Amino acid sequence: MPELYAWTDGACSGNPGPGGWGVLMRAMDNDIVVKERTLQGGEADTTNNRMELMAAIAALETLTRPTELTITTDSAYVKNGVTQWIHGWKRNGWKTASKQPVKNVELWQRLDAAQKQHQVTWKWIKGHAGHAENERADELARAGMAPFKP
């Protein structure tokens, strides 16, 4: 049975400004790529964090049945948010420890709902460090942003 991996990235020109997100998905069997799929999109007026979240959401929402997968992101915001902070936010009615509303709450809720259907392992890697799959996700994110740039 192939293992599924997704590398996600977001990009923004200005913050806020035009932004894009990209996903590289691969089914691997003994380190051999069995199937590859790419996803990308963007918005005219957004933030980098929103695009990072949208990439992860897109990766999960594109799956049509419950799946075990590893998502690798270069966003500590997404990785820490989904594996640590979200539990307290939900317990506190989507408020931070300082009782402020969680930023991008609708995207966090969407990500939370999307990941419930799957068994997800979250990994973080340093961005722009020559990691081939992360660089590819970054290219997809920039391509997703391109139609929205003036």
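Biologist: What do S1 and S2 form, and what is the phi of Gly14 in the turn?

Modeller: S1 and S2 form a hairpin, with 4 residues between the two strands. Gly14, in the turn, has a positive phi of about 90°. This is a predicted model.

Biologist: How do you know that S1 and S2 pair?

Modeller: Two strands pair if at least two bridges are found between them. S1 (residues 3-12) and S2 are joined by 10 bridges, so they count as paired. The two strands run antiparallel, and Leu4 stands opposite Ala27 in S2.

Biologist: What makes S2 and S3 partners?

Modeller: The cut-off is again at least two bridges. Here 12 bridges join S2 to S3 (residues 32-46), so this pair qualifies as well. S2 and S3 run antiparallel. Asp29 has Ile32 in S3 as its bridge partner. The hairpin of S2 and S3 has 2 residues between the strands, and Asn30 takes a positive phi near 55° there.

Biologist: How do you know that S4 and S5 pair, and in which direction do they run?

Modeller: With 6 bridges between them, S4 and S5 meet the cut-off of at least two, so they pair. They run parallel.

Biologist: Why is S2 called mostly covered?

Modeller: A residue is buried when its relative accessible area is under 20%. In S2 (residues 17-29), 12 of the 13 residues are buried, so "mostly covered" follows from that cut-off.

Biologist: How does the reach of H2 compare with the span expected for 16 residues?

Modeller: H2 (residues 76-91) reaches 21 Å from its first C-alpha to its last, which is close to the expected 22 Å. H2 also bends by about 60° at Trp85. Just after H2, Gly93 takes a positive phi of about 65°.

Biologist: Which residues of H2 are buried, and what covers them?

Modeller: Under the 20% cut-off, the buried residues of H2 include Tyr77, Val78, Val82, Ile86 and Trp89. The cover of the buried residues includes helix H1 (48-61), strand S4 (68-73), helix H3 (105-116) and strand S5 (119-124).

Definitions and conventions:
Residues numbered from 1 in each chain as written. Predicted model: local features only at pLDDT ≥ 70, side-chain atom pairs only at ≥ 80, totals over all residues. Heavy atoms only, no water. Expected span 1.5 Å × (residues − 1). Bend = angle between axes of the 7 residues up to and from the residue. Buried < 20%, exposed > 50% of the residue type's maximum accessible area, 1.4 Å probe, protein only. Contact = heavy atoms within 4.5 Å.
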